[in-house]
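Open the structure in your viewer and keep the selection tool at hand. The stops below go from single contacts to the sheet.

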Amino acid sequence: MEIFNYDAEIAFSSAAPGYWAKQQIPEFEWNDHHWQLKNRIRSLAQIEAHLNLIEAERAGILLTGTKLASAVTPHYFNLIESGNPDCPVRRQIIPRIEETFDDPREMTDPCGEDSHMPVPGLVHRYPDRVLFLVTDRCASYCRYCTRSRVVSGVGDQHLETQWEAAFDYLENAPQVRDVLLSGGDPLLLSDNRLDKILSRLRSIKHIQFVRIGSRIPIFLPQRITPELCEILHKYHPLFLSIHANHPRELTSEVRDGLARLADAGIPLGNQSVLLKGVNDSVEVQRALVHKLLLCRVKPYYLYQCDLIKGSAHLRTPIRTGLEIIEGLRGHTTGYGIPQFVIDAPGGGGKIPLNPDYVIRSDDHETLLRNYEGKEFLYPEAQDLKPLIL
Ligand SMILES: *Cc1c(COP(=O)(O)O)cnc(C)c1O
């Protein structure tokens, strides 16, 4: 078992240019998101040029390509340890043969999104908010992607967002006060496209705020340009949820990109997925949430990994998530504690899971325990009589 070094994990550093050093990439190219996207690592040969692969990875890279493409930005690739197949960054992004293992209880659409689409590309599950899938592409592909049925463009199913029908639907749905852009990764769209989509949404009076869900700040921090921040700034209130799973992903480039977003007044949240061998311990999660707070990001949700096909090797017992929350609550600030949720298999939406701090409760009193296990009694209010002197 490796010893976890909190101080080392919480420190911000850059891994650039890492595996690219020998090729002498000029800094202006490295810092250009177009260069990063053009030079993504995709093939077995490209991956093997840098990493010592194990057989499960080599077979995975060859066999999973028709299910979910593999692609990693050079920025993110540099965080992978060459000789360590258990590296927490590597487990998220390098395919493994386990992705082809079949469990009939796993699904291609684990959150039941396809059956909640009034218009292709628009998922309307909750009364007052919708999920708007604006692209099927990402900067890099997470191997546990809950939307792998449509994401990356290599599978049988394709995302066919009906733009005009979607805007029509939103214009005629006054109960929708909150639109969440996702995909794929919305920040992969050009500045111009984003500007147009946001301005169209903003022209709908009943939409009170807009959110973007994106892993670009982690995979491709070079995309968080001052120009992009200026565009986003025009559409406040606009929130952004990022997706970081391990403190090592928060490099100095990521920190600087997040600072630009925060300085543009964008409230930042993090949605992380609980993954076996990646972040399934209190100590990793504590370092992650502390480092997020240093970047002005509030941990928002911690997701139990969805029952997506080929994810068994990355899923943890539900108990693990509860133990993590219990290990954070009280031990660190409430600002650092995400809500642990399961997106109900088949389409029930997010269900919160919490450790139980109530020992017993009746109409008169409740016996509680605190984070240290000490017990406290809280009596309910009673009808009182005036005190007669
Ligand atoms: C997660 C999700 C939302 C947003 O939920 P919040 O709890 O408001 O963050 C909206 N629609 C769908 C379909 C979702 O999966």
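Start by selecting R193 and W163: the charged end of R193 sits over the ring of W163, 5.3 Å from the ring centre. A charge counts as over a ring if NZ of Lys or CZ of Arg is within 6 Å of the ring centre and within 35 degrees of the ring normal. Next, select K291 and F12; K291 lies over the face of F12, at 5.0 Å from the ring centre.

This is a predicted model, where local features need pLDDT of at least 70, side-chain atom pairs count only at pLDDT 80 or more, and totals for chains, interfaces and linings use all residues. Residues are numbered from 1 along each chain as its sequence is written, and side-chain values use heavy atoms, with hydrogens and water left out.

Now select F132 and F167. Their ring centres are 5.7 Å apart and their planes stand at 80 degrees, so the pair is edge-to-face (rings of Phe, Tyr and Trp, the last by its six-membered ring, pair with centres within 6.5 Å; planes under 30 degrees apart are stacked, over 60 edge-to-face, the rest tilted). F132 is in strand β2 and F167 in helix α8, 35 residues apart (DSSP runs numbered from the N terminus: helices H or I, at least four residues; strands E, at least two). F132 counts as buried at 0% relative accessibility (buried is under 20% relative accessible area, with a 1.4 Å probe and protein chains only).

For another aromatic group, select Y19, W20, W30, W35 and F77, which form one cluster.

Finally, show strands β1 to β9, an open sheet of nine strands with mixed pairing (strands pair if DSSP finds at least two bridges between them). The edge strands are β1 (122-126) and β9 (350-352).

Terms used:
Buried means under 20% relative accessible area, exposed over 50%, partly exposed in between (1.4 Å probe, protein chains only).
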